[in-house]
Amino acid sequence: MGYFEKSRINIVKYTSLWIGIAALVIILSILLFFTRGLNWGLDFTGGTLIEYRLGKPFNSVGEIRPLLAEFNLEKSFLQKTEDNGVIIRVKELSKETRNAITQKLSVHFGKAELVREEFIGPVIGAELKRAAIIATILGLIAQVIYISLRFKPDMALAADIALVHDICAVILAFILTQKEINTPFIAILLTVVGYSINDTVVIFDRIRENLKLRPRDSKETFPQLVNRSILENLTRSINTVLTTILAVLVVYFLGGSAIKDFAFGLTVGIAAGGYSSIFIAAPVLVLLRKRQWLKEEEKIKEEETVRSSSVNKLTETPPKPATQSRTSTVRKKRR
Amino acid sequence: MRIGLPIKVVIIIALIGLSIWTFMRYSVKLGLDLQGGVHLVFEAQDTPEIKVTGDTLNRVQAIIDSRVNQLGITEPIIQREGERRLVVELPGYQEDPQSAIDLIGKTALLEFKDTGTKYVEEGTKLTDAPTILTGADLKDARVGYDQYGRPVVEVEFNPKGAKIFAEFTRNNIGKYLAITLDGVVISCPVIRSEIPDGKGQIEGNFTLASATQLAVLLRAGALPVPLQLIEMKRVGPTLGKDTIDASIRAGIIAVILVMLFMIIYYRFPGIIADISLITYVALLAGLVSALRATLTLPGIAALIMSVGMAVDGNVIIFERVKEELRKGKSLISSIEAGFRRSYAPILDSQITTLIASAVLFYFGTGPVRGFAVMLALGTIISLFTAIVVTQILFQLFERLRIIKSAKMFGV
């Protein structure tokens, strides 16, 4: 037996705790979404953005603000980036004003290279929000259909609850850090959808296999079987999350400022995805099948009592109807 | 027919070689966000006369195509997006984006208007005067110089236009003729004599650059409907270059860390996984350059992330093999069973990632689409390396008697 199987950790036992934590994440993210909100970037809000790389280091954007006063832009959104960079975000900017700003900054800092310039019309932003929502929902639906086909509808539902949790966790992280979100945010959400399902599927696959291999007279209950499946698979779950997070963290630390936020989102999403497959998807499945396995257990007990009573009565043939119905439930599971 | 092990090994090595050759030969096509350049999105606007249709947009695209060709940019992209949008990408364009916008987005409707005895100041908007001829009647437009050496635009009408022009100038000597571009007067000369040959000069306080631009616009023709700029992104060359340098470093470090992890955790099988991973990286590089897939900033993140995900297949297989060994099976049958029982979970899990990238590809544009493509490519290749390459390596090491005991799996 492997390390985790020997440890006899009972994850399924604390189902209500895990679901409580998940519910907290989901509720908190919805609550904060409407109160604090996400920091929508230029792609979503529309407007104009220019980014400079300056010749001399500066401590804070406070040093740049006064320089923009003559253009009435001192109250604009300013952001310091790595390598002496500064981002200026305004509603509108004429070519002349932009050139004047470049001139002013280069006089003040020795050099001001315009490294990026963006203009996004107001229509685009609204469209992008819609596209993000549709893409995410469509992604969820596509995964549910796939899992329903390959596994069972209730497994799809359990996986989807885990997914909603992961998406909420990513959104929550971006609300709390107030990191700006732009078009690539859609890519983060969809990647997390794919990754989280990926992780869940491997556990479900194990549950399915263990159900198939379960001997007919097994004393193992469904929750125990799920727990065993999780443990058997735990090394894989941890290792895969570790190697993937390792790679994404390298991007976060070394990939340059332009993809830092992107890597951050992926890291959170992958961590959440790994967590949720173990602590949400599988336990929720146990809950969803509660009725089914309780009935089953009753039947096992019933059968045992019937059998023992029949032994007492010295009857040789065991009562047929009970056996048949039990076989049929098992067979149902076997598919 | 079963293919022998040596042939399999040769095929894999050939694939790796081919990939490296392709990568060296064709390099990787960089997206605008990495290469630098200008990305523009225009939306066609309805006019009272013309509603925008697919056909209108096709005409607009053709005209913009010929305008952009004048910019001398290698591999510009002009493509339709939806019902009324055009995306124009100008890789490596480092001038002021405004001049590109002016050139591409201008309707450039040239009109010759009859203002009778009235002189109209340059720069005024003129809409009511009757139109004699339009830019559609032009045969050619070139930059020339007047007698003082100032740049002008020389125009030549087609036969039909030349006839109308000759008739009009003959009947209106001494009167004014207003030349307007998109309704704004750029020149208002007096007609001194009949112009029979259909050749004329537009003098409009041009600089050489603005005269050249007008000539380009007139040659390409006027747009049937006005365009509105709805998105502009310009990336300087430094930003992209820095990112590429940083990403290459990050990618190498990520590969090394993942490889170390696999060796430390799995020992000998880890080495096999690492060889598979190197194969993965080589094949990925080859395929990305062979397909001419565009590498974008998020695409880089997808590639590096995929390195972490690529070993997942190996992790699943190794854990299975270990389980089989613990059950007391022999090494060979454990390896065989480990692989056989890993197919389903590996396939299922990778297909979900492919579904996600398909949705992303459908909804995303530009950089996000690049991300989806890289994610999908990575997933498909990792399926091949994790299952096929790893299995061949196991068989090879078995045959070479390098794999001897279950101890090698740490069991």
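Visitor: Which residues does Asp140(B) touch, not counting residues up to four places away in sequence?
Guide: Two residues are in contact if their C-beta atoms, placed from the backbone, lie within 7 Å. Here, Asp140(B) touches Glu156(B) and Arg219(B). Before going on, note that this is a predicted model, where local features need pLDDT of at least 70 and side-chain atom pairs count only at pLDDT 80 or more, while totals for chains, interfaces and linings use all residues. Residues are numbered from 1 along each chain as its sequence is written, and chains are lettered from A and ligands numbered from 1 in the order in which they are written.

Visitor: Why does Asp140(B) count as partly exposed?
Guide: We count neighbours: a residue is buried if 20 or more other C-beta atoms lie within 10 Å of its own, exposed if 12 or fewer, and partly exposed in between. Asp140(B) counts as partly exposed because it has 13 C-beta neighbours inside 10 Å.

Visitor: In which strand is Asp140(B) found?
Guide: Helices (H or I, at least four residues) and strands (E, at least two) are DSSP runs, numbered from the N terminus. Asp140(B) is found in strand β7, residues 138-145 of chain B. Val155(B) is 15 residues away from Asp140(B) in sequence, yet their C-alpha atoms are 5.8 Å apart in space.

Visitor: How many bridges pair β7(B) with β8(B)?
Guide: Two strands pair if DSSP finds at least two bridges between them. For β7(B) and β8(B) there are seven bridges, in the antiparallel sense; in one of them, Ala141(B) has Val155(B) in β8(B) as its partner. Strand β8 (residues 151-157) of chain B also pairs with β11(B), antiparallel over four bridges, and there Glu156(B) is the bridge partner of Lys199(B).

Visitor: What order do these strands take in the sheet?
Guide: The order is β7-β8-β11 in chain B, an open sheet of three strands with antiparallel pairing. β7 and β11 of chain B are the edge strands, as each pairs on one side only. Look at the faces of β11(B) too: Gly200(B) and Ile202(B) form the covered one, Lys199(B) and Gln201(B) the uncovered one.

Visitor: How many residues of chain A are in contact with chain B?
Guide: 58 residues of chain A are in contact with 57 residues of chain B. Elements giving two or more residues to that side of chain A include β5 (112-120) and α5 (122-150). Strand β5(A) is also joined by five antiparallel bridges to strand β12 (residues 227-235) of chain B, with Ile120(A) and Glu231(B) as bridge partners.

Visitor: Which domains is chain A divided into?
Guide: Domain bounds come from an automatic or database domain assignment. Chain A is divided into domain 1 (3-41 + 124-288) and domain 2 (47-120), and their C-alpha centres lie 40 Å apart.
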